[in-house]
Amino acid sequence: MADRKIRVLIAKPGLDGHDRGAKVIARALRDAGMEVIYTGLRQTPEMIAEAAVQENVDVIGMSILSGAHLVLVPKVIDTVRKTGLTDVGFFVGGIIPEEDVAVLKAAGVNAVYGPGTSTVTVIEDVKSFAHIA
Amino acid sequence: MKSSDLLSAADKLALSRLISEVENETSAGKTALDGCFPRSGKAHLIGVTGAPGTGKSSLVNRLAQLIRREGKQTVAIVAIDPSSPFTGGAILGDRVRMRDLSGDPGVFIRSMASRGELGGLARTTAGVVQLMDAAGYDLILIETVGAGQSEVDIARLAHTTIVVESPGMGDDIQAIKAGILEIADILVVNKADRPGIENTERALRANLELGYSHRVNGKAGHGEFKEENTIVNSEEWVPPVIKTIATEETGFPELINAIASHRDYLQKTGLLAHRERERLMDEFDHLLRHTLVQNWKAQVSTENISRVMDAVYSRKRSPASAVEELTRPAK
């Protein structure tokens, strides 16, 4: 039996066009031996949920720099869960004000990463979120 | 009820989960493949291969979109990207080019990492395709990793193989080399709005003329060829050369026609059944090798292997004689 690979969807919900952070994380997770599905810019929650279902991912990472995270993130989580994919982990990266972190976590996000987060931290976390799955 | 009985194009999550089982080569995956095999064999399998950056993903996106616009056939897509030989990780980025297909219930897209296979596919791609076939998808588009010259496994899996070239990718000597061009049932020159398109097209046509001189245009005229893609007085299929611009729709009606004609040709000549038999033999062969190696590895102790290999490392014996010793049946 081949070893089970952790599959991670890296998505950019919303309208901001800055995907450097998403690419850094995608690359770091790749180098940690994971299979990273990168979907590109300007994804709607429906598109993210559809990709998550078809790719049967363990973890979904969202990169948001637009400030719309309080709207988008709960919408994505809700849309994903409605598909029946209830065992995925979620993390968010971007510019997220301190006071919003608790709100996102209450909505179902496992971790929130701001600028300066070590990729080692993200890798270790993603491995543990995938084990939830 | 077996898990494979649940397979249907409508339940994408169930299909997706089964694909993971097959991809991870679990016993549930094997059971699913065994169970759904009798229901497979209906879909038209179309391979799309070519060098990195020629526009395979964009081509698959546009092709699927236009096929869906006609509305009769459902489409599944398997897109393979390479795994790192060092970490085993992969970036699967083909969906970036396929956003036009999102929201269509008649489309299923799955990205696969090659997981160490070198022929342009993953070892379990055939299994994944079989699941999609059994789930009822009419057309299955299989996009290989960016292929160099000899990643030709797709020709054994697909019924119709499309080789995608783009301008500036090589001269007429590249075109007469053995390998990837030989497997083409349909040749596409994508990015046809780019400079150099005429040269690329000419090189490909000239190459076809060398291979099919008595068939292209019905005569072996020295240095002559016409611009039509016609099969003249011949049972044999001559790969058409089609110019496309995948960011628009240019060339796609022709490509869709060529795919349909190739399918008809395969059916009419009985080649479809022949290819299907070859494909199954090939799959059997692959699985047999894999299984024999796995079984062998389970029987031989790692100490024994390292003892023999130490002798190889110190050049006391050759790799071939090491294999000979280790595969000798135990007395």
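The buried residues of helix 4 of chain B are B:Thr125, B:Ala126, B:Gly127, B:Val128, B:Val129, B:Gln130, B:Leu131, B:Met132, B:Asp133 and B:Ala134, where a residue is called buried if 20 or more other C-beta atoms, placed from the backbone, lie within 10 Å of its own, exposed if 12 or fewer do, and partly exposed in between. The model is predicted, and local features therefore need pLDDT of at least 70 and side-chain atom pairs count only at pLDDT 80 or more, whereas totals for chains, interfaces and linings use all residues. Residues are numbered from 1 along each chain as its sequence is written, while chains are lettered from A and ligands numbered from 1 in the order in which they are written.

The loop between helix 4 and strand 5 (139-143) of chain B holds B:Asp138, which is partly exposed, with 16 other C-beta atoms within 10 Å. Leaving aside residues up to four places away in sequence, B:Asp138 touches B:Ala43, B:His44, B:Gln73 and B:Thr74, contact being defined by C-beta atoms, placed from the backbone, that lie within 7 Å. B:Asp138 and B:Lys42 are separated by 96 residues in sequence, yet their C-alpha atoms are 7.2 Å apart in space.

In helix 1 of chain B, 9 of the 12 residues are buried, among them B:Leu15, B:Leu18, B:Ile19 and B:Val22. Their cover includes helix 2 (45-55) of chain A, together with helix 2 (27-36), strand 4 and helix 4 of chain B. After helix 1 of chain B comes B:Glu25, with a positive phi near 55°.

Between the chains, 28 residues of chain B are in contact with 27 residues of chain A. Helix 1 (12-23), strand 3 (90-92) and strand 4 (107-113) of chain B are the elements that each give two or more residues to this side of chain B, and helix 1 provides the largest share, 6 residues. Strand 2 (residues 35-38) of chain A and strand 3 of chain B run parallel and are joined by 3 bridges, two strands being paired if DSSP finds at least two bridges between them. Within this pairing, A:Val36 has B:Ile91 as its bridge partner.

Definitions and conventions: Helix = DSSP H or I, 4+ residues; strand = E, 2+ residues; numbered from the N terminus. Contact = placed C-beta atoms within 7 Å.
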